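Reader: Please take a close look at the charged side chains of this model and the contacts between them. I would like the cut-offs stated alongside the description.

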Amino acid sequence: MNLVQNRENFSDQILERRFIRRVMQDSGRDIDQAQRNYMSGRGFEANNWYDGRGFLAKQDGLQITHLKKHRFVDMKTRNSKSGKKRKKSHPIHNRVIWGHYNNIIKELHFGFTNA
């Protein structure tokens with residue numbers, strides 16, 4: 001490989017990394033907005049429900065931090081000493097995350113082209 005080919009390959013890698021990072025940043029913003037809308041619509045008005053969440057876009061993915069109580073209110077059932085109990089679920093985590101997951105996959109798969 002000569003120097004020109006090395007530079008072209010390196011520039012393609014830089015563009016691809018920038019594209020992935022931009023997709024992850026946009027997706028993080030979309031997930032955050034969707035969660036905020038859903039939580040505010042379900043009556044989660046205290047600030048402690050919104051603090052502690054984070055979306056960090058990296059070159060290799062999106063790092064999401066959340067609170068344990070977000071996962072707890074997402075559950076439909078819980079186990080207790082007397083057995084399984086159904087409870088009111090508020091799908092503020094799984095439905096939002098997995099709903100955007102397919103969009104991320106499609107955009108990464110089909111969005112980066114030679115154009």
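Author: Arg29 is exposed, with a relative accessible area of 53%, where exposed means over 50%, buried under 20% and partly exposed in between (1.4 Å probe, protein chains only). This is a predicted model, in which local features need pLDDT of at least 70 and side-chain atom pairs count only at pLDDT 80 or more, while totals for chains, interfaces and linings use all residues. Residues are numbered from 1 along each chain as its sequence is written, and side-chain values use heavy atoms, with hydrogens and water left out.

The side chain of Arg29 meets that of Asp26 in a salt bridge of 3.3 Å, N to O; the term denotes a side-chain nitrogen of Lys or Arg within 4 Å of a carboxyl oxygen of Asp or Glu. Side chains of opposite charge can pair when their charged atoms come close. Asp26 counts as partly exposed, because its relative accessibility is 24%.

The structure holds four salt bridges. Another one joins the side chains of Asp32 and Arg36 at 3.4 Å, N to O. Because Asp32 and Arg36 are four residues apart in helix α1, they too are separated by about one helical turn. Arg36 is partly exposed at 35% relative accessibility, and Asp32 is partly exposed with a relative accessible area of 21%.

Asp32 also meets the side chain of Arg53 in a salt bridge, at 2.3 Å, N to O. Asp32 lies in helix α1 and Arg53 in the loop between α1 and β1 (54-58), so this pair ties together parts that are 21 residues apart in sequence. Arg53 counts as buried, because its relative accessibility is 14%. Salt bridges that share partners join Arg22, Asp26 and Arg29 into one network.

Helix α1 also contains Phe19. Phe19 counts as buried, at 11% relative accessibility. The C-alpha atom of Phe19 is separated by 8.4 Å from that of Leu108, a residue 89 positions away along the chain.

Key:
Helices (H or I, at least four residues) and strands (E, at least two) are DSSP runs, numbered from the N terminus.
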